[in-house]
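Welcome! Here is a short briefing to read alongside the structure, arranged by topic.

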Amino acid sequence: MKKYYITTPIYYVNDVPHIGHSYTTLAADTLARYKRLLGEKVFFLTGTDEHGQKIQKAARSVNLTPQELADKVVENFKRLWKKLDITNDFFVRTTDDYHIKCVQEAFEYIYKKGDIYKGEYEGWYCIPCESYYSEVEIGKDKVCPVCGRKLDLVKEESYFFRLSAYEDKLLKFYEKHQDFVIPKTRYNEIISFVKGGLKDLSITRTSFDWGIPVPFDNKHVIYVWFDALLNYLSAIGCKNGSFEEIWPADVHFVGKDILRFHAVYWPAFLMSLELPLPKHVVAHGWWTVDGKKMSKSLGNVVDPNKMIQKYPKDAYRYFLLRNVPFGLDGDFSEKELIERINSELVNDFGNLVSRSLTMMEKYSDGLVNMPITVENDNLSKLAKSTYDKILEHMNIFRFDEALIDIFEYIRAVNKYITEKEPWTLNKLRKTAQLNEVLYNLFSALKFVAGIISPFLPDSSEKIMNMLGLNDVGSYTAEFFLDFYNIEQSKVAKKDMLFERIEYKNEGEKKESEKKIPIDEFFNVDLKVAKILEAEGIEKSRKLIKLKIDVGEESPRTLVAGLKEHYKPEELVGRYIIVVANLKPAKLMGIESNGMLLAAKDGENLALLTVEKPVKPGAKIS
Ligand code: MSP
């Protein structure tokens with residue numbers, strides 16, 4: 001059996017999963033299901049990236065240890081993947097012991113080989129991207145060329161990996177493996193980056209400690225990207241166990257922003273480890289939302305949990321995979337999602353399944369029988385040529401094109417019904433012809449159920465069930481392609497595949513319809529604060545400036561509209577509730593860091609307080 005190893009990036013645990021994460025994972029899941037359908041032995045890996053400065057910083061800001069933060073956030077990813085029926089074979093965490101051991105062994109191996117040496121790093125570092133940048137890359141503004149945020153100037157002792165020594169070897173490798181990086185535009189970008197010259201890479205840090213210690217020098221922790229990339233090996237036994245049966249990876253799916261790590265650093269590390277290189281690194285584009293970059297500050301981050309609460313899971317998968325050519329950037333809009341549901345999923349797909357089954361029930365009591373002779377096998381031939389096109393498209397990871405192929409077939413079957421007019425055959429009692437048409441429809445639906453199963457698994461299961469066949473996973477592609485392998489089946493129309501959806505603007509909805517998932521609530525960091533000082537702002541009718549203790553090193557300033565309801569001196573000493581993770585805002589020229597909670601019924605305003613004093617900084621949960 002041919003093996004096939006697929007990976008997603010491992011996701012940072014400083015944040016909850018969003019549409020971008022779900023996109024990579026869904027694409028990888030679709031490919032994994034597709035390869036299984038072809039009868040290959042798939043190993044599909046995903047996981048979380050839990051070390052590094054960014055996680056340490058995020059944990060500190062919510063008063064947790066990095067491990068506590070990781071243990072909490074990892075559950076959000078696991079829960080989402082379960083809800084989305086992701087079929088990963090393993091979930092790797094970089095704080096797991098086997099991973100730590102693997103990273104240390106790899107580091108030591110490369111060190112002993114002479115590819116790692118000690119030196120001093122001085123240069124720019126982007127914490128959100130966990131990435132080093134050269135002066136040339138950052139330009140005059142000294143901001144990160146990838147995420148646009150402020151960079152830190154780092155100067156510290158560091159171990160370096162001799163990346164420069166791999167420049168020629170990498171270029172030769174790319175030359176020989178033209179499909180190593182997909183799509184081609186990205187392949188060309190990588191080649192020109194490497195041709196521009198590779199500097200040795202700093203692969204340890206000393207200014208914080210949330211990382212895997214260098215085994216022979218524990219003042220240093222290993223650079224989070226060296227650590228993270230090794231997950232692809234640690235998860236399959238590091239150079240042991242089943243490693244040889246699975247390695248090399250057939251495809252690493254990544255977003256375009258992390259391509260360099262996978263297409264330059266990773267192959268160089270592997271060359272140094274004397275291991276075979278992955279077959280493909282496939283980079284997808286980025287999602288914007290309604291034409292805007294997704295960001296917390298714009299409040300437009302798309303939560304996949306919310307989407308699959310509102311729409312069928314298959315519709316979400318369909319939209320993401322169909323709407324953008326895999327590799328390019330795409331825009332997410334619920335309006336477009338609904339349009340695709342109504343036109344393609346309801347009108348074309350759902351309608352075909354529904355009308356075919358209705359006719360089978362009505363004209364032959366739900367019994368389909370293999371015809372004795374076959375007059376017309378056009379649908380079977382078309383299935384074969386459709387299948388060939390799908391294979392071609394999936395070989396180059398064009399999920400969108402493969403879906404177009406499937407939907408062309410669906411439309412052709414709808415057309416077949418219109419042309420054959422089974423209702424007329426029934427009226428004229430042309431039983432043999434009617435039987436053949438119904439059987440062809442049955443086999444065409446069987447083919448669609450099979451070939452669409454990697455993309456829309458729920459719909460596929462529903463169709464298989466209605467056709468009276470077993471679980472889709474028990475067959476491979478040949479079964480679905482063969483039109484004449486079922487003697488007889490009892491079918492029943494049980495389920496609608498998709499329901500039409502009315503588009504409503506957020507604004508048109510009633511308050512009560514705007515339900516939020518629990519994760520959204522947990523994004524708000526509510527804490528107890530003690531008011532230390534309060535002073536009315538002179539020129540303002542409403543505002544009072546407060547100094548509050550939120551259990552941090554120093555007190556915060558918070559500006560609140562309380563003047564009409566409280567005298568400043570009444571406030572001092574009270575224990576109030578504040579939203580602690582709000583972005584700072586300027587009110588009357590004063591920076592306010594947080595927001596206090598109060599209840600208002602029109603005229604009266606009452607501060608929310610705690611029933612008895614607790615330590616300032618206590619979390620509200
Ligand atoms: N931890 C690293 C990966 C290490 S792999 C050895 C990382 N994690 S991440 O959580 O920040 O991002 C994971 C993936 O999400 C990346 O592939 C990134 O491209 C993708 N996306 C993040 N935002 C995205 C969009 N807005 N749209 C599409 N994908 C995006 O990087």
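A nitrogen atom of the ligand sits 2.7 Å from an N or O atom in the side chain of Asp49; a polar contact here is a pair of N or O atoms within 3.5 Å. The protein covers 94% of the 670 Å² of accessible area that the ligand has on its own, with areas taken from the Shrake-Rupley method and a 1.4 Å probe. Please keep in mind that this is a predicted model, in which local features need pLDDT of at least 70, side-chain atom pairs count only at pLDDT 80 or more, and totals for chains, interfaces and linings use all residues. Residues are numbered from 1 along each chain as its sequence is written, and side-chain values use heavy atoms, with hydrogens and water left out.

**Around the ligand**

- The ligand is surrounded by 23 residues, and the closest are Ile10, Asp49, Gly255, Asp257 and Trp287; a residue counts if one of its heavy atoms lies within 4 Å.
- An oxygen atom of the ligand lies 3.2 Å from a backbone N or O atom of Tyr12.
- For His21, a polar side-chain atom is 3.4 Å from an oxygen atom of the ligand.
- Helix 8 gives the most to this shell, with 3 residues; helices (H or I, at least four residues) and strands (E, at least two) are DSSP runs numbered from the N terminus.
- The shell has 13 nonpolar, 8 polar and 2 charged residues, where Ala, Val, Leu, Ile, Met, Phe, Trp, Tyr, Cys and Pro count as nonpolar, Asp, Glu, Lys and Arg as charged, and the others, Gly among them, as polar.

- Helix 4 (residues 97-113) and helix 11 (residues 259-272) pack at an angle of about 70°, with their axes 10 Å apart; the axes are lines fitted to C-alpha atoms over the stretch in contact, and angles run from 0 to 180 degrees between N-to-C directions.
- That makes helix 4 roughly perpendicular to helix 11, a term for angles of 65 to 115 degrees.
- Tyr109, Ile110 and Lys113 of helix 4 meet Phe269, Met271 and Ser272 of helix 11, with contact meaning heavy atoms within 4.5 Å.

**Backbone features to look for**

- Most residues other than glycine have a negative phi, and most peptide bonds are trans.
- Ile182 and Pro183 are joined by a cis peptide bond, with omega about 0°.
- Another cis peptide bond joins Trp247 and Pro248, with omega about 5°.
- Asp290 has a positive phi, near 45°, and lies in the loop between strand 15 (287-289) and strand 16 (292-293).

Note on methods
A polar contact is a pair of N or O atoms within 3.5 Å; within protein, one must be able to donate a hydrogen and the other to accept it, and residues adjacent in sequence count only if both atoms are side-chain atoms. Angles under 35 degrees count as roughly parallel, over 145 as roughly antiparallel, 65 to 115 as roughly perpendicular and the rest as oblique.
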